[in-house]
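Dear colleague,

Please find below the structure that I am handing over to you. My findings follow, and I would be grateful for your reading of them.

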Amino acid sequence: MRKSRYSEEQIIGILKQAEAGMAVAALCRQHGMSDATFYKWRSKYGGLDVSEARRLRGLEEENQRLKRLVAELALDNQVLKEVLEKNG
């Protein structure tokens, strides 16, 4: 996954500027991003504090790690079943 050029702190700061009344088009032009990026951030980080965003990132990383683990175990299980079928 591509790393964002903005940290969670910067993203939340930009969203707070929009909440304070700055126009979205002006914000996007100032920070060099598209409107779609802004609205994607707002749907993901809207209403979060910096500590909550860090926690969210940690949970997402843990979820990815667990999904990889489950995929590896499922593959191992499939291989073992195939070996048992050939021997049995």
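Contact here means that heavy atoms lie within 4.5 Å. On that basis, and not counting residues up to four places away in sequence, Glu8 touches Tyr45, Ala53 and Arg57. Glu8 is found in helix α1 and counts as buried, at 10% relative accessibility. Please bear in mind that this is a predicted model.

Overall architecture

The protein has 4 helices and 0 strands, and its elements run α-α-α-α from the N terminus on. The radius of gyration is 21 Å, well over the 12 Å that the globule rule gives for 88 residues, so the protein is more spread out than a compact globule. Taken along the principal axes, the C-alpha atoms fill a box of roughly 70 × 25 × 20 Å. Buried residues make up 16% of the 88 residues. Among contacts between residues at least 6 apart in sequence, 50% join residues at least 24 apart.

Helix α1

The 12 residues of α1 should span 16 Å at 1.5 Å a residue, and this agrees with the end C-alpha atoms, which are 16 Å apart. Which residues of α1 are buried? They are Glu8, Ile11, Ile12, Ile14, Leu15 and Ala18. These residues cover an arc of only 155° around the axis, which puts them on the same side of α1. The buried residues of α1 pack against α2 (24-31), α3 and α4 (50-87). Just after α1, Gly21 takes a positive phi of about 120°.

The nonpolar core

The largest nonpolar core has 13 residues. Those with the most contacts inside this core are Ile11, Ile14, Leu15, Met33, Phe38, Trp41 and Tyr45. The elements that give two or more residues to the core are α1, α2 and α3, and α1 gives the most, with 5 residues.

Met33 deserves a separate word. Met33 lies in the loop between α2 and α3 and is buried, with a relative accessible area of 12%. Leaving aside its neighbours within four places in sequence, Met33 is in contact with Ile14, Cys28, Phe38 and Trp41. Met33 and Gln10 are 23 residues apart in sequence, and their C-alpha atoms are 13 Å apart in space.

Aromatic pairs

The structure holds 2 aromatic pairs. One of them is formed by Tyr6 and Trp41, which are edge-to-face, at 5.2 Å centre to centre and with 80° between the planes. This pair links distant parts of the chain, with Tyr6 in the segment before α1 (8-19) and Trp41 in helix α3 (residues 35-45), 35 residues apart. Both Tyr6 and Trp41 are buried.

Why is the pair of Phe38 and Tyr39 edge-to-face? The ring centres of Phe38 and Tyr39 are 5.2 Å apart and the planes are at 80°, and planes over 60 degrees apart count as edge-to-face. As to burial, Phe38 is buried, with a relative accessible area of 1%, whereas Tyr39 is partly exposed, with a relative accessible area of 38%.

With kind regards

Definitions and conventions. Residues numbered from 1 in each chain as written. Predicted model: local features only at pLDDT ≥ 70, side-chain atom pairs only at ≥ 80, totals over all residues. Heavy atoms only, no water. Phe/Tyr/Trp six-rings, centres within 6.5 Å; stacked < 30°, edge-to-face > 60°. Buried < 20%, exposed > 50% of the residue type's maximum accessible area, 1.4 Å probe, protein only. Expected span 1.5 Å × (residues − 1). Arc of directions from axis to C-beta. Core = buried A, V, L, I, M, F, W, Y, C linked by side-chain atoms within 4.5 Å. Rg over C-alpha atoms; globule rule 2.2 N^0.38 Å.
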